[in-house]
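Please read the numbered points with the sequence and the model at hand.

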Amino acid sequence: MIMMYRGSTGAFAMAAALLVTIGVAQAADDAKYPNWKGQWERFVTPGIPGQSSAGYDQTKPWGLGQQAPLTPEYQAVLEASIADLAIGGLGNFPTTLGRAAGMPNMMMGFGPMEFVVTPDTTYILIGWHDHYRRIFTDGRDWPTDIEPTYSGYSIGRWIDEDGDGRYDVLEVETRGFKGPRAYEETGLPLHIDNQSIFKERIYRDKADPNILHDEITSIDHALTRPWTVDKRYVHNPDPRPNWVEFYNTENNAQIAIGKENYFLSGDGLLMPAKKNQAPPDLRYFKQTRK
């Protein structure tokens, strides 16, 4: 009995020591990574009012005001999209109908975001058009075959830029897309070949730690050159912020039938979205004779 008791005590002591060792190692590992906890919200540039401040480049109005380096073909796509929006259409932004926005629109910060940093993966929780993003930081190489997705496949690496023993910059490359996707709601287009590549540098502002930067460089065949913008997010000081639940398909009054978009009125009836728009084809419905 005494020997059994001593053996059990030794086993418990070893287990406790192992847990302490794991805890210390975990704490040391965590200390290498930056503290990006909390709720991050989109930075609104002073002087750019309302929805226009939701442009891809936050320092410029959206649409033509973005001055994106588009090829002539895709400049025409943007202009046609804006013209369609002006008469009640959806333009070149299919996310209006409830589809995922994908990269790079998902990093707009239209709703609050949360960064969850672990040694192997950094998760960006969005809860808006898109729900989350996963950035692998475990040292993996690119897969031979990437299953195309709206958010793409992201591989990142941490950098200790100032040499203080703690990571402060996350560099990310993302590729492997499907579409359709657009930069922002005016329909600022990406190329239909979905061969986009995005390179990011995500870091906290040294002068103002309440600002998080995401410098995104777009490499896309709809552009005449790589396009870099500095997206910024503001930290919410509330330690227990409210996380709003949002679903793009809930209470969405846009109704797509074939290639046409209609609108659902307040009393639940289908109505045109554009002036002089023809009704949908009702050949499969029994027509009521007058």
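1. Basis of the note. This is a predicted model, in which local features need pLDDT of at least 70, side-chain atom pairs count only at pLDDT 80 or more, and totals for chains, interfaces and linings use all residues. Residues are numbered from 1 along each chain as its sequence is written, and side-chain values use heavy atoms, with hydrogens and water left out.

2. Overall make-up. The chain has two helices and twelve strands; these are DSSP runs numbered from the N terminus, helices being H or I of at least four residues and strands E of at least two. Read from the N terminus, their order is α-β-α-β-β-β-β-β-β-β-β-β-β-β.

3. Of the 290 residues in the chain, 38% are buried (buried is under 20% relative accessible area, exposed over 50%, partly exposed in between, with a 1.4 Å probe and protein chains only). Among the contacts with a separation of 6 or more, 54% join residues 24 or more positions apart, a contact being heavy atoms within 4.5 Å.

4. Aromatic pairs. The structure holds eleven aromatic pairs (rings of Phe, Tyr and Trp, the last by its six-membered ring, with centres within 6.5 Å; planes under 30 degrees apart are stacked, over 60 edge-to-face and the rest tilted). One of them is the tilted pair of Tyr33 and Tyr167, at 5.2 Å centre to centre and 55° between the planes. The two residues are 134 residues apart: Tyr33 is in the loop between helix H1 (2-30) and strand S1 (40-42), and Tyr167 in the loop between strand S5 (153-159) and strand S6 (169-175). Tyr33 is buried at 10% relative accessible area, whereas Tyr167 is partly exposed at 24%. Tyr33 and Tyr167 also belong to one aromatic cluster with Trp36, Phe115 and Trp158.

5. A pair between strands. Why is the pair of Phe136 and Tyr153 called tilted? Its ring planes stand at 40°, with the centres 5.4 Å apart, so the pair is tilted. Phe136 lies in strand S4 (residues 132-136) and Tyr153 in strand S5, so the pair ties together parts 17 residues apart in sequence. Both Phe136 and Tyr153 are buried.

6. Charges over rings. Arg140 lies over the face of Phe136, 3.7 Å from the ring centre (the criterion is NZ of Lys or CZ of Arg within 6 Å of the ring centre and within 35 degrees of the ring normal). Arg181 lies likewise over the face of Phe177, at 4.3 Å from the ring centre.

7. Cis peptide bonds. The bond from Met103 to Pro104 is cis, with omega near 5°, and Pro104 is in the loop between helix H2 (72-86) and S2. The bond from Gly179 to Pro180 is also cis, with omega near 10°; Pro180 is in the loop between S6 and strand S7 (197-204).

8. Positive phi. Asn194, not a glycine, has a positive phi of about 55°. Asn194 is in the loop between S6 and S7 and is buried, at 18% relative accessibility. Asn276 has a positive phi near 60°; Asn276 lies in the segment after strand S12 (270-272) and is exposed, with a relative accessible area of 75%.
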